[in-house]
Number of protein chains: 4
Amino acid sequence: MIIVMKPGASEHAVATLLTRIENAGLKPLHMPGAERVVLGALGDERVLSELALDADPNVESVKPILAPYKLVSRELHPHDSIVAIGNASFGGGRFGLIAGPCAVENEAQLLASARAAKAAGARVLRAGAYKPRTSPYAFQGLGLDGLDLLEQVGRELGMPVVTEVIESGDVDVVARHADALQVGARNMQNFALLKAVGRAGKPVVLKRGMSARIEDLLLAAEYVLAAGNDQLILCERGIRTFETATRNTLELAAVPLLKARSHLPVIVDPSHGTGLRELVTPMSLAAAAAGADGLMVEVHVDPATALSDGPQSLYPDQMLSLGKQLDALLGVMGRAL
Amino acid sequence: MIIVMKPGASEHAVATLLTRIENAGLKPLHMPGAERVVLGALGDERVLSELALDADPNVESVKPILAPYKLVSRELHPHDSIVAIGNASFGGGRFGLIAGPCAVENEAQLLASARAAKAAGARVLRAGAYKPRTSPYAFQGLGLDGLDLLEQVGRELGMPVVTEVIESGDVDVVARHADALQVGARNMQNFALLKAVGRAGKPVVLKRGMSARIEDLLLAAEYVLAAGNDQLILCERGIRTFETATRNTLELAAVPLLKARSHLPVIVDPSHGTGLRELVTPMSLAAAAAGADGLMVEVHVDPATALSDGPQSLYPDQMLSLGKQLDALLGVMGRAL
Amino acid sequence: MIIVMKPGASEHAVATLLTRIENAGLKPLHMPGAERVVLGALGDERVLSELALDADPNVESVKPILAPYKLVSRELHPHDSIVAIGNASFGGGRFGLIAGPCAVENEAQLLASARAAKAAGARVLRAGAYKPRTSPYAFQGLGLDGLDLLEQVGRELGMPVVTEVIESGDVDVVARHADALQVGARNMQNFALLKAVGRAGKPVVLKRGMSARIEDLLLAAEYVLAAGNDQLILCERGIRTFETATRNTLELAAVPLLKARSHLPVIVDPSHGTGLRELVTPMSLAAAAAGADGLMVEVHVDPATALSDGPQSLYPDQMLSLGKQLDALLGVMGRAL
Amino acid sequence: MIIVMKPGASEHAVATLLTRIENAGLKPLHMPGAERVVLGALGDERVLSELALDADPNVESVKPILAPYKLVSRELHPHDSIVAIGNASFGGGRFGLIAGPCAVENEAQLLASARAAKAAGARVLRAGAYKPRTSPYAFQGLGLDGLDLLEQVGRELGMPVVTEVIESGDVDVVARHADALQVGARNMQNFALLKAVGRAGKPVVLKRGMSARIEDLLLAAEYVLAAGNDQLILCERGIRTFETATRNTLELAAVPLLKARSHLPVIVDPSHGTGLRELVTPMSLAAAAAGADGLMVEVHVDPATALSDGPQSLYPDQMLSLGKQLDALLGVMGRAL
């Protein structure tokens, strides 16, 4: 950690900080310059975040050297982690396609949509029973009934299922019905929920929050691993920017960036990432080309009547076509759907 | 609601949509133009959000006419609401100052910081017992012990207290100790929590999320009012932008905007809104000049050793000076601290 | 165009607006609703932008139906345009690779870097003689000498050249030396420059501004076409967002979006779009998979000593590898490098 | 400057960098840590930006210690600069109100609007003759005729005038007609223009670009001062964010931030900063409370028929009321309109 003192900071102020650094068990460094005094603190600087040296009125800025996350970091864990949801694998060269409708609406809708997903090559079925919605007047999901339907349809088609959990009190019941737990973008910094899914013993798909930097996402993942669960898949799903032509701005550069910094698998959700059906196929192919370990795609048997996210849901024939294009593209990269 | 059809949409597609609009109980309108067919739907268009007409592949875009929120809207409730926390009032011309340390650390720290707040004119004491922190390795708050200390210090100084609640399971216990419940920026779209505080029977301070548009904040507030609680104060605390010189970008235009659209009181948190102690006083004065109904300011007896948010906490003498400047500025606007 | 009146707008105010719409040669529509009066204006609504109806204090909002651009729109020009720079073609299924160093530094550097570009399959050489730099103390380019060197090296290798022009007074001289003119991100709304390159008779590469929405980029392109030049290539190169891990946020969804709305070719600059050498190859492949008509990539014979943009410049061997991977990926999509 | 090496960087790579630092005339520092080697370079680190050490593949990141601007910095120039436009002063405790219509439309419109500005206390008249417009089909300004009218009306009312110049070739003619030159947000990084106004011998109002960080604005100002002109006023006018309820997001925290880092006067443009007439008065008062050295406000004799920016232009009576409120608020802060 590098500590830049304000111009005119007294020798006493400098000495006080050097002592605090030493008392925290780090090696202090003193670098007086022409315009600023700069201090260094060598060692495990995460200890220093407790000291909050930037709160000192004599300090101009604090510049960390090391990343603030550990367990998710590739530095301490150089090899790719492989995470399994049922018999589908993600990471370490394995590519997994997750697909299904935004929400469980009824058995017929779910079954038909799931069949479309499976026909296109999806290994895992997704559908929401608890739906976080911006408006209190929008469809909020079927809840427990939705979980039952999802489990039933997953079994019928032989597909493991992943579904969102939106508060810590629901983790146990969702974990009993689903093969994997999804934490949504709006809950990426719901730390109580992160700790709860960290203790649930099921794989977790963690979506990036709309205002989360790469580092924030990795720190959110660190909560889950620190709670004892390393079966975690990171999911890029777009951030909020000034662009209004799309629902979110899908940042595909997050894929190679996350994979460089972390050993965890990284998938992409091009449906929420764009909000527009027409963009889902090109962005799916782009994500695969960028090195993603999988995709999570919304498909609906009749998007025009979907209770949520219809505009971004693929029609079954579009899903089928996507599967074929993906398979060809992955093939040329030495991978397979 | 205005529905713009894609170029080349068939007459059949148009007729189908007109029928769906009529079946939903609205008055359909057909406006064929030279380049596009445009449809209208007159009536309570919130019904139409269930129809999700933008999911229809023949529809280019859907443009709502009415705001998607009702209970928080000034249209149905033209007069300012006044919300009381203990004996402090917010809204309808009343200005309230909330101040205190970021977190409860121990009794001495809390008591000294609260005294500094009170001396400066603060009517309500703030301090966190449950701290949502980006890193799992950062101080997470004292929890129940913190609530006890907060209640005790508030009583000792005769100040009502507000504190953050971070999950729905904690709402009851926090409501027993505090005079008002704060929902933080990271939980603004934790809908389970919004519903729970809506049923808690205590005033709520709802902070704007880092990626929340004005409309998102009002819809989050609508959740609380729809659950039966209209004692709600909106709080602008900055959004996340590309600017890195400050922790967040405080959008003071949100104050008159929110007050134009809603009857609810609006306060400003310049501490989180800037992240820098030096900016807290000018932004506090600016917020008051912009018409805010109050402020929430962090003050700490010794910011340099604070366990959280030290860099943005005022020193006691700075807090005192802020109180005096605020009082003078409010006076010229016909208001008082 | 749809005009939403404020609640309580008088009949007189409505009648005045209807008359203004009719006087502008459009067909007025009157749609009184329960909560709002809504007006329509059918016809070429671009006429109405002159009327600026949203400035009327009785108007709540104005919602356009038609896009504000014409010449660049795919509606009036349904087939892909193909733009040639020398013997390289962009659009209509043709993919072109543009590569070279950020800046012309000297003959040896330029020649070696250009050879690396050519060896990897680049058809067009890029390098800057006029460099817009954030700091006045940074290298500002070789100017005329740079143009001479660029032209000479391009001829020697048989590669057409593209280079940036940064003000309208330089357009003629740059057009004499280069085969295509580049308008950079910082100048995307330098309208004097757009008009000048519109009259220059050379193909133009127009880069998206850091704060430009898709519509802003298309309107900037409209300036060039309106000035008489339809040989224009759009270039996505990243926007500015809150993410700090990359230099810009490359929005690859812009590729299919721009191609849906416009007939113009769309290329991607992954070098500026990420700022990080390690991300250039995955983002190049992703851009091709998303349907881009080409790429503009920075390569330098010795990036560690480059006078500008070294951190995002590929080494020659990385460039060669990128060419091979691109060729394979394009092949599976029925295209070729 | 602090240079963080990648994990595993060789001793040879470290030694090479230390030599480059020393050869550049700085004092090198070597700080080997447990997880990273960190290097320091003490002295005028601006020299090092030429070395571009972050382009070295062994370097993980480079962290500057000193600000990259000099002439605009408060460190070397601790006292407030005062800039005069005619007989109006900005900075050092003096507050100046600049007002007028967005564009010169005709003599009657300009004269009536200017009278409204003057009646409200404005000391300087603003109006545009060259208008940068997003669409090529929008009103582009009267050009030379507009300059003539502006000069004539300014003389008639005894008000100095400021107007925008949009390319370097126009600087001379605009400088002959106007008392001060405005560089607009879209041209904040038009470096040729910055250099030209730096040589023009007239005061400059430099507006912040829509995607400019505080540091970018100060570096743009540095271009002007480096070209020999220190009569420069910085103008905060809003940045582009995800918020769509306003035209831009006015960042009032920029006022105290800029004044802490620079000796230059800082004014605020609440008209472009919000885009909504209703927000102009509260944001003007907020800007004054935040410590701004002046305002630039749009007023029009008949906003409903304005050729540009009508929605954000004040009516004359609103302008008058703003003047009175500003005067009262400034009075309580020991200043005057």
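How many bridges join β2(D) to strand β3 of chain D, and do the two run parallel or antiparallel?

Modeller: Six bridges join β2(D) to β3(D), residues 37-42, and the two strands run antiparallel. Before we go on, this is a predicted model, where local features need pLDDT of at least 70 and side-chain atom pairs count only at pLDDT 80 or more, while totals for chains, interfaces and linings use all residues. Residues are numbered from 1 along each chain as its sequence is written, chains are lettered from A and ligands numbered from 1 in the order in which they are written, and side-chain values use heavy atoms, with hydrogens and water left out.

Now back to your two strands. They belong to an open sheet of four strands in chain D, in the order β2-β3-β1-β4, with antiparallel pairing. A strand here is a DSSP run of E with at least two residues, a helix is a run of H or I with at least four, and both are numbered from the N terminus; two strands pair if DSSP finds at least two bridges between them. The edges of the sheet in chain D are β2 (27-32) and β4 (59-63), each of which pairs on one side only. From one strand to the next, the twist averages 20 degrees. Angles like this run from 0 to 180 degrees between N-to-C directions, and axes are lines fitted to C-alpha atoms, for helices over the stretch in contact.

Contact means heavy atoms within 4.5 Å.

Next, hop over to chain C. Chain D can be laid on chain C with an RMSD of 0.0 Å, using a turn of 180 degrees and a shift of 0.0 Å along the axis. The two copies are thus related as by a two-fold rotation axis. The superposition is by least squares on the C-alpha atoms of residues with pLDDT of at least 70 in both copies. To find the axis from chain D, go to D:S211, the residue of that chain that comes closest to the axis, at 2.8 Å (C-alpha). The same surface serves both copies, as 100% of the contact residues of chain D recur in chain C.

So what does the sheet look like over in chain C? There you have an open sheet of four strands in the order β2-β3-β1-β4, again with antiparallel pairing. Its edge strands are β2 (27-32) and β4 (59-63) of chain C, each pairing on one side only. Ignoring direction, neighbouring strands of this sheet are turned by 20 degrees against each other on average. Six bridges join β2(C) to β3(C), residues 37-42, and those strands run antiparallel. A hairpin takes the chain from β2(C) to β3(C) through four residues. Helix α1 of chain C, residues 11-23, lies across β1 (2-5), β2, β3 and β4 of that chain, at about 155 degrees to β2(C).

Chain C also has a helix pair to look at. Its α7 (residues 214-226) and α8 (residues 254-261) pack at an angle of about 50 degrees, with their axes 11 Å apart. The contact is made by C:I214, C:L217 and C:L218 of α7(C) together with C:A254, C:L257, C:L258 and C:R261 of α8(C).

Last stop, chains A and B. Chain B is superposed on chain A by a rotation of 180 degrees with 0.0 Å of shift along its axis, at an RMSD of 0.0 Å. Of the residues of chain B, B:S211 comes closest to that rotation axis, at 2.8 Å (C-alpha). These copies meet through the same surface, because 100% of the interface residues of chain B are also interface residues in chain A.
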